[in-house]
Amino acid sequence: MKSDEPTLHAAILFAAAIAVVNGFGRFAYALLLPPMRADLQWDYALSGWLNTANSFGYGVGALLGMVLLAHYRPAVLFVAGLVATVATLFMCAFTHDLLAMIAWRFLSGVGSAWVFACGGALIATKYGAQPARAAAAIAIYYAGGGLGIVLSGLLLWPVLGGAWTWSVGWLILGVAGALFAVLPARIALSIGGATSRVGAPEHAPVSVTTFKPLMVAYFIFGVGYIVYLTFVIAWMREMQLSVAASVGVWVLLGAAVMASGQAWRGAMARWQSAHTFAAATLLTGVGTALPLLSNHPTVLLASAVLVGGAFFMAPGAVMAFIRANLPAAQWAKAMNLMTCIFAIGQGIGPVIAGEIADRWSMNAAMLFGAVALGVAALIALTQKPLRSSGVPAGALRTND
């Protein structure tokens, strides 16, 4: 039993880091959006720009991280990302200017990309010689996003109820983020890891023509899923639902994220990766569309379970596709490419949905998100496994 304790300990600590950058740094904005809109007189389009900035920061961070990892250890970038994300949580508390807030949200996205990518690399370094434990550790690691969603809902409940201002909400997230970041930073520095060598095999060209359908589908998935994660609380407030109902849906969403890895384990093991992606994307779309039919609490809870239980599996399926169809030397570059495409999609999604909400209604904006997810699922089904089609994985190269 004692040999299992380090694995569980380290995985939980790294999950806390994901709770900070994803739960607090990215998704908790949905909880603070209604009071911020009311106080700062923003329309939905302006509100969407803050998540757009965060998403574009994530994409820039992914690109910049690939360059910096040639000179710095993953642990250094991991800690830098945590510090940047926590700092922006505090800065948002003291910012009322839109452009300044956009800048902080952009920096938060950069930091979250470094933590997300380097944390996975550090786990691989620590448990690379123990595949079974590595798989368990990675599952716990990604569950940290759901943990952050749950905790943000509980921490910010008084803000939605009007007892605290939105500025206090950002301060609370900053303090919680700082506390959660200390131990992951310490264990990351103890793991270390080497820099990437420029000119190493992982810098070999990657084919983009052979998995265009999945690439397009991933872009559209980014456009669609972020609509729900950005506007769901504001949507429920428009429905005149209670604060308790809104927070309950949000907390259940996070709990579903935490359970999603276990729920999808069989499908991830047996199905083609593109089919898993399509199923996860379709269920996310169904969950997004359900409240359009009824605002009954049961329907809203079912919506949270479907979205929370599915949307984190789409990136997992993309990673599985790359691992199954490309040589190991190209995994990092291919995932970086897909991450950038995904970041662009989830960057433009909130702005488009915000414009739709301002012109028509929030229902129309959510319908847009649901339709986008349905289209992404259909496109993903056209993706064929590269190796089964007779294309040797090691021979894949760009055509440019």
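The structure is a predicted model, in which local features need pLDDT of at least 70 and side-chain atom pairs count only at pLDDT 80 or more, while totals for chains, interfaces and linings use all residues. Residues are numbered from 1 along each chain as its sequence is written, and side-chain values use heavy atoms, with hydrogens and water left out.

View 1. Helices (H or I, at least four residues) and strands (E, at least two) are DSSP runs, numbered from the N terminus. Of the 400 residues in the chain, 54% are buried. Buried means under 20% relative accessible area, exposed means over 50%, and partly exposed lies in between (1.4 Å probe, protein chains only). A contact means heavy atoms within 4.5 Å. Among contacts with a separation of 6 or more, 84% join residues 24 or more positions apart.

**View 2. Helices α12 and α13 pack against each other.** The axes of α12 (residues 273–293) and α13 (residues 297–310) come within 8 Å and cross at roughly 155 degrees. The two helices are therefore roughly antiparallel. Axes are lines fitted to C-alpha atoms, for helices over the stretch in contact, and angles run from 0 to 180 degrees between N-to-C directions. The crossing of α12 past α13 is left-handed, a term for a near helix turned anticlockwise from the far one by less than a right angle (clockwise is right-handed). From α12 the contact includes A280, L283 and T284; from α13 it includes V299, L300 and A302.

**View 3. Helix α13 has buried residues that pack against several other helices.** The buried residues are L300, S303, A304, V307, G308, G309 and A310. They pack against α9, α10, α12 and α14 (313–325). The expected span of a helix is 1.5 Å times one less than its number of residues. For the 14 residues of α13 this gives 20 Å, and the end C-alpha atoms are 20 Å apart, which agrees.

**View 4. S273 sits in helix α12.** With a relative accessibility of 15%, S273 counts as buried. Leaving aside neighbours within four places in sequence, S273 is in contact with A317, A320 and F321.

**View 5. Helices α2 and α8 pack with their axes 9 Å apart.** The angle between α2 (residues 29–40) and α8 (residues 166–191) is about 150 degrees. That makes α2 roughly antiparallel to α8. On the α2 side, Y29, L32, P35, M36, D39 and L40 take part; they meet W166, G169, W170 and L173 of α8.

**View 6. The largest nonpolar core has 119 residues.** A nonpolar core is a set of buried Ala, Val, Leu, Ile, Met, Phe, Trp, Tyr and Cys residues joined through side-chain atoms within 4.5 Å. The residues with the most contacts inside this core are M36, F78, W170, F221, L229, W250 and F277. Helix α9 (residues 212–238) gives the most to the core, with 17 residues.

**View 7. Helix α4 spans residues 74–93.** At 1.5 Å a residue, its 20 residues should span 28 Å; the end C-alpha atoms are 29 Å apart, which agrees. Of these 20 residues, 14 are buried, so α4 is largely enclosed by the rest of the structure.

**View 8. Q41 and Q240 are loop residues.** Q41 lies between α2 and α3 (44–68), and Q240 between α9 and α10 (243–263). Q41 is not a glycine, although its phi is positive, about 60 degrees. Q240, also a residue other than glycine, has a positive phi near 65 degrees. Q41 counts as exposed at 65% relative accessibility, and Q240 is exposed with a relative accessible area of 67%.

**View 9. N363 is found in helix α16 (residues 362–380).** At 38% relative accessibility, N363 counts as partly exposed. Not counting residues up to four places away in sequence, N363 touches W235 and L292. The C-alpha atoms of N363 and L292 are separated by 6.5 Å, although these residues are 71 apart along the chain.

How values were computed: Angles under 35 degrees count as roughly parallel, over 145 as roughly antiparallel, 65 to 115 as roughly perpendicular and the rest as oblique.
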